[in-house]
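Biologist: I would like to learn how to read side-chain contacts in a model. Could we go through them one kind at a time?

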Amino acid sequence: MIENKLKNKLLVRQNGGITMITITDLRKEVKEGDWTNAFKKAVETLVSQGGGTLYVPAGCYYTHSIQLKSNITLYLEAGAVLDFTDDIENYEVISMEFEGIAGTMYKPLIYASEEENVSVVGQGRINGNGKRWWEESKNFPHKRPYLVCFDRCKHVRLEGVTLENSPVWTVHPIYCDDVVIHGVKIKNPADSPNTDGIDPDSSKNIRISDCIIDVGDDCIAIKSGTEDTPKKMPCENITITNCNMLHGHGGVVIGSEMSGGVRNITISNCVFQETDRGIRLKTRRKRGSIMENMVFENIVMDKVMCPFVFNMYYYCGAGGKEKHVWDKAAYPLDETTPAIRDIMISNILVTSATAAAGFMYGLAEQPIENIRFSNCSIRMVSDGKPATPAMMAQLEPMQGDGFFLRNVKGICFSNVHITGVKGEVINTDETVDITVS
């Protein structure tokens, strides 16, 4: 039974001891169609009650950023749309890392910082209205905002909602513990810059399931900071399952920000369709740390440019043209030398790949180690568009190639079938230790 009570001059409902506020009960806080104050007032009231549910019924709500607090659930009913304004000049600015670099950013549109038990759920839509952010980004004094960001939070849930037109990365859990992302749909235009889908960053115990992601950059990117990140923490214990990745630069990408380490990753039962690359690991000298203990299984890829890319000479980003990034000579090993090792890839079906079946290039001083392929079928399209599988210097475009391997130790192919290759099925040199059965 729902009992209505008037507290703090707002309509607060008690249902089984759980406080609920319906945003439309705060219409008096709306000024010139802007619901920002109404959302702020609702959150403040829920905090005063120890938490509860902020219920958003069907309708369109024009607003600036919404900052959530501990023990609060933002529930969007089917037909509800949070329509975020592109009134950039009136957005609050906060300190926030982007691509592992500390700096300033316009406050994320849905945001929680150092909170616990925070949820965004329902069947509604969250529209970031990113067009102005994309087109004028070079003119802004601060970084574009994430659409949904949980910063140093615990016990987070994002479920059911549709996220679209993000100004930059769409969902960014950073320094978080225990995050569930389930049944979310993400849609950003193909030409929208840096609009990754889900980017777990220096976080642990992440579960991503049953999502559909169609974006202008990487669908899912797992990160843990760069050599310039103030506090390096690993990204670990992550499962990704039952997801569809459509278009984008990569299906699941790990790095190139990986200076805190990335480990204990399982990706299963997914479909990658028309992503540039399928599974992509990228790093370079000075990043340090290790990518390790990963399982990729039961994945279908269709019309990808290159299904497997492991690149330790990645040159994009600040400092990417320096000699240590592209130099193929062996350097001394130290704590800044990155490593990739211990990866199992099984039960993969690839159809209509265009550039190469796979590309792996380890460092001369630190080869990629212990990679095992089993029960995989890869079909190339020999007349596909030529393309460069990896972003590294002195690499020519490929077309219908097989596996290209350099500086790889302990790679094993078992029951792997590759068809439609124009040249060598496996292109190696003396830097590769390989077993084929």
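**Reading side-chain contacts**

Modeller: Lys-223 and Glu-257 are both buried. Keep in mind that this is a predicted model.

Biologist: Which kind of contact do the side chains of Lys-223 and Glu-257 make?

Modeller: Side chains of opposite charge can pair when their charged atoms come close. Here Lys-223 and Glu-257 meet in a salt bridge, with 3.2 Å from N to O. The pair links distant parts of the chain, 34 residues apart. Lys-223 is in the loop between strand E22 (220-222) and strand E23 (235-241), and Glu-257 is in the loop between strand E25 (250-255) and strand E26 (262-273).

Biologist: How many salt bridges does the structure hold?

Modeller: There are 17 salt bridges. One of them joins the side chains of Arg-406 and Asp-429, at 3.2 Å from N to O. Arg-406 belongs to strand E33 (residues 401-406), while Asp-429 is in the loop between strand E35 (426-427) and strand E36 (432-436), so the pair ties together parts 23 residues apart in sequence.

Biologist: Is Arg-406 buried or exposed, and why does Asp-429 count as partly exposed?

Modeller: Buried means under 20% relative accessible area. Arg-406 has 14%, so this residue is buried. Asp-429 counts as partly exposed because its relative accessibility is 26%.

Biologist: Which residues are linked in a network of salt bridges?

Modeller: Glu-89, Arg-132 and Glu-136 are. Arg-132 is partly exposed at 22%, and Glu-136 is partly exposed at 28%.

Biologist: What about rings? How many aromatic pairs are there?

Modeller: The structure holds 19 aromatic pairs. To read one, take the distance between ring centres and the angle between planes; over 60 degrees counts as edge-to-face, and under 30 as stacked. For Phe-98 and Tyr-146 the centres are 6.3 Å apart and the planes are at 40°, so this pair is tilted. Both Phe-98 and Tyr-146 are buried. For Phe-403 and Phe-413 the values are 5.0 Å and 70°, so that pair is edge-to-face. Phe-403 lies in strand E33 and Phe-413 in strand E34 (residues 408-419). Phe-403 is buried at 1% relative accessible area, and Phe-413 is buried at 3%.

Biologist: Which residues form one aromatic cluster?

Modeller: Tyr-91, Tyr-106, Trp-133 and Phe-140 do.

Biologist: Where does the charged end of Lys-321 sit?

Modeller: It sits over the ring of Tyr-315, 4.8 Å from the ring centre. Likewise, the charged end of Lys-328 sits over the ring of Tyr-361, 5.8 Å from its centre.

Technical notes. Residues numbered from 1 in each chain as written. Predicted model: local features only at pLDDT ≥ 70, side-chain atom pairs only at ≥ 80, totals over all residues. Heavy atoms only, no water. Salt bridge = Lys/Arg side-chain N within 4 Å of Asp/Glu carboxyl O. Buried < 20%, exposed > 50% of the residue type's maximum accessible area, 1.4 Å probe, protein only. Helix = DSSP H or I, 4+ residues; strand = E, 2+ residues; numbered from the N terminus. Phe/Tyr/Trp six-rings, centres within 6.5 Å; stacked < 30°, edge-to-face > 60°. Lys NZ or Arg CZ within 6 Å of the ring centre and 35° of its normal.
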